[in-house]
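Reader: I'm new to protein models and I'd like to learn how to read one. Could you walk me through what we have here?

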Amino acid sequence: MAAATTLRLNGVEVGVTADVSTPLLYVLTDELQLLGPRFGCGLAQCGSCSVLVDGVETRSCVTPLSAVAGKQITTLEGLPMLYAQSKGLQSPPAYTPLQQALIDTQAIQCGYCSNGLQIKATELLMLNANPSEQEIRTAMNGHLCRCGTYPKILEAIQLAASTIRGEA
Ligand code: FES
Ligand code: FES
């Protein structure tokens, strides 16, 4: 079937055939076989499906394909490239400072929330590389971690911010 919609996904143009009413999450996971965005609640409540659309965290489970045509979509897979672009690096790092901080702090347990928290924290850190604890808590408020690793996630975001500022 000929591609019906062209997406600007992680820096490349990709044609997809799904109906334009299809939630973006299903296009990313079912048609494009991406493993980053995840189905959690399907109701815009948990954040596990989040992607960046023109730099803004967006719940892909409730976002129809028609709403993102022509916009820049970044999934978990594209975060190192996005970081490289934001910093003027020649090539993407293996891990962004946030991803390295999540590893170093051992913040991730089951991983259910890790996609969404990385997307949201990336949005935050691109807007503000020196967020206060309250600003981090407010930004991350809509991302559910059923393992309850919130203190470690906070620590990781603070560590990543320090790295981005060149202090860690
Ligand atoms: S699956 Fe989209 S917010 Fe939960
Ligand atoms: S690490 Fe398990 S849901 Fe957050």
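Predicted model: local features only at pLDDT ≥ 70, side-chain atom pairs only at ≥ 80, totals over all residues.

Reader: What about the inside? What percentage of the residues is buried?

Author: Buried residues are 47% of the 168 in the protein chain.

Reader: And how do I describe the overall build?

Author: Begin by listing the helices and strands in order. Here the chain has 6 helices and 5 strands. Reading from the N terminus, the order is β-β-α-β-β-β-α-α-α-α-α. The radius of gyration is 16 Å, close to the 15 Å that the globule rule gives for 168 residues, so the chain is as compact as a globular protein of that length. If you box up the C-alpha atoms along the principal axes, you get roughly 50 × 35 × 25 Å.

Reader: Now the core. Which residues touch the most other members of the largest nonpolar core?

Author: That would be I153 and I157, in a core of 23 residues. Helices α3 (97-104), α4 (114-127), α5 (133-139) and α6 (150-164) each supply at least two of the core's residues. The biggest giver is α6, with 7 residues.

Reader: What does I157 touch, if I skip its sequence neighbours?

Author: Leaving out anything within four places in sequence, I157 is in contact with L98, A121, L124, L125, I136 and M140. Apart from this core lies another one, of 14 residues, including L28, L34, V68 and I73.

Reader: How do I check whether a helix like α4 has the length it should?

Author: Compare an expected span with the distance between the ends. At 1.5 Å a residue, the 14 residues of α4 should span 20 Å, and its end C-alpha atoms are 20 Å apart, which agrees.

Reader: Is α4 enclosed or open, and why?

Author: Count its buried residues: 12 of the 14 are buried, so α4 is largely enclosed by the rest of the structure. Among them are S114, N115, Q118, K120 and E123, along with L117, I119, L124 and L125.

Reader: Can we zoom in on one residue there, say T122?

Author: T122 is found in helix α4. T122 is buried, because its relative accessible area is 12% and the cut-off is under 20%. A polar atom of its side chain lies 2.6 Å from the backbone oxygen of Q118. Here's the general idea behind such pairs: an α-helix has 3.6 residues a turn, so residues three or four places apart point the same way. Not counting residues up to four places away, T122 also touches L52, L79, L82 and L98.

Reader: Last one: where should I look for positive phi values?

Author: Q33, which follows α1, has a positive phi near 60 degrees. N10 has a phi near 50 degrees, positive although N10 is not glycine, and lies in the loop between β1 and β2. D54 also has a positive phi near 50 degrees, and is found in the loop between β3 and β4 (56-59).

Reader: Are N10 and D54 buried or partly exposed?

Author: N10 is buried, with a relative accessible area of 16%. D54 is partly exposed, at 46%.

Definitions and conventions: Residues numbered from 1 in each chain as written. Chains lettered and ligands numbered in written order. Heavy atoms only, no water. Core = buried A, V, L, I, M, F, W, Y, C linked by side-chain atoms within 4.5 Å. Buried < 20%, exposed > 50% of the residue type's maximum accessible area, 1.4 Å probe, protein only. Helix = DSSP H or I, 4+ residues; strand = E, 2+ residues; numbered from the N terminus. Contact = heavy atoms within 4.5 Å. Expected span 1.5 Å × (residues − 1). Rg over C-alpha atoms; globule rule 2.2 N^0.38 Å. Polar contact = N/O pair within 3.5 Å; in protein donor to acceptor, adjacent residues only side chain to side chain.
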